Amino acid sequence: MAKNLNNFNVAGSPVYVGNAALQELESHLRIHYAEKDGIIILADENTYNQCYSLLIKEVPRLARAYKIVIPAGESYKTLESCEKVWNQLAVAGANRRSLLINLGGGMISDLGGFAASVFHRGMEFINIPTSLLGMIDASMGGKTGIDLYSLKNIIGVFSNPAAVYVWPQFLNTLPLRQRLSGYAEMMKHALIADYNFWNRLIALPMAVISDWENFIVEAIQIKAEIVNRDPFEKGDRMLLNFGHTLGHAFETWSLRNDDNPLTHGEAIAMGIICETYISYRSAGLSMAERDEIIKQILLNFNHYKIPTSAIDELVEITNYDKKNQKGRTMLTLIRNIGNAIAGQAIEPAIIRESFFRFTDFVKSAEL
Ligand SMILES: NC(=O)c1ccc[n+]([C@@H]2O[C@H](COP(=O)([O-])OP(=O)(O)OC[C@H]3O[C@@H](n4cnc5c(N)ncnc54)[C@H](O)[C@@H]3O)[C@@H](O)[C@H]2O)c1
């Protein structure tokens, strides 16, 4: 296979994408390794089992790195896990001149990025995303953090990785359900910024897509362009939050109530349904595009049923959103596919209505 490498800049961090990405890391470490007081690799149990040996094969010098392995899953993106990571960093003798390598999906890059950013007031970290969602979104742009009482990303800092290395072969072991989770974020990228990308994405059912690299590159281009305009989310970067405010409410609700909680992307897909409905109600989205978006989501994702008795709790969770202003929920909405508008203040009654309509859309898809 010919070696290829795409190169982006996201908020000042280089992002390398392609099957030569880990060679690029090897060259970087060859030059800079001596400057470092130790390298530490953070992984979760799955990425340690599935991805670590592949990484060592491509970058043999990392076999000497100290390893920290934590349990997998969003329910471990907590202060308790962070404390364990800080303890292990101390045991490894890490200091401000050490390097943390986050090998995993968005849970690992969010938590590891945050842990590194405050350890000794900040040590360098790089991200090697292993999930689709990590490759197109979570590993780049500088948002790091953890959840508190299942409330998403309540604690965190903006802190950019020194570099990101996206090596698509890691996806070979990623379970289908987790690919779908990344696909939801790709749908969001397309819906806010690129009508043609949306059409390419939905041309095939997600389950039959095998060549992800071109989609990854297109999705990163969208993220890079938006983040580079507004790295600290004062304006345009909020566009990337489409589907996330109500999606996070579903995710929190599910983390609290389900034995097998929704993935981040499944929750975002549900949030996209609600926020698409609100876009139709409040931002001029046509009924035809509303129905097309909802149809595509319901075609690809499981029809998750929430009891109507859960809607009060979902509304209450939404009220905790970081972006709320004066009792109203601030949403990004879409006017049409590929064209979004941030900072729309939405009344609580419409938020509640969208959760009810969500249950109707799911029911009618089953008829
Ligand atoms: N910081 C940001 O800008 C940003 C953006 C979007 C999402 N996020 C965060 O990202 C997280 C979701 O990311 P995610 O979907 O990657 O979740 P994740 O990191 O929990 O990974 C999902 C599952 O896939 C497993 N996995 C990952 N790579 C694998 C591989 N190659 N082979 C086998 N198993 C593998 C993991 O162990 C885990 O069980 C959420 O916490 C979300 O809030 C952050």
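A residue is near a molecule if its C-beta atom, placed from the backbone, lies within 6 Å of it. This is a predicted model, in which local features need pLDDT of at least 70 and side-chain atom pairs count only at pLDDT 80 or more, while totals for chains, interfaces and linings use all residues. Residues are numbered from 1 along each chain as its sequence is written.

Begin by selecting the ligand and its surroundings, where 32 residues form the shell, the closest being N46, G105, G106, M107 and S131. Colour the shell by residue class and it divides into 8 nonpolar, 17 polar and 7 charged residues, where Ala, Val, Leu, Ile, Met, Phe, Trp, Tyr, Cys and Pro count as nonpolar, Asp, Glu, Lys and Arg as charged, and the others, Gly among them, as polar. Among the elements that each supply at least two shell residues are α2 (45–58), α4 (106–118) and α6 (176–193); helices (H or I, at least four residues) and strands (E, at least two) are DSSP runs, numbered from the N terminus. Now colour by domain, with bounds that come from an automatic or database domain assignment: the ligand lies between domain 1 (6–173) and domain 2 (177–366), because both give residues to its shell.

Strand β3 (residues 39–44) pairs with β5 in the parallel sense over 5 bridges, and I41 stands opposite I101. Strand β6 (residues 124–129) is also parallel to β5, over 6 bridges, with F125 as the bridge partner of L100.

Of its 111 residues, L42, I101, Y165 and V166 touch the most other members. Helix α10 (residues 264–282) gives the most to this core, with 10 residues.

Finally, select L262, in the loop between α9 (244–257) and α10, which counts as buried because it has 23 C-beta neighbours inside 10 Å.

How values were computed. Pairing = 2+ DSSP bridges. Core = buried A, V, L, I, M, F, W, Y, C linked by C-beta atoms within 7 Å. Buried ≥ 20, exposed ≤ 12 C-beta atoms within 10 Å, placed from the backbone.
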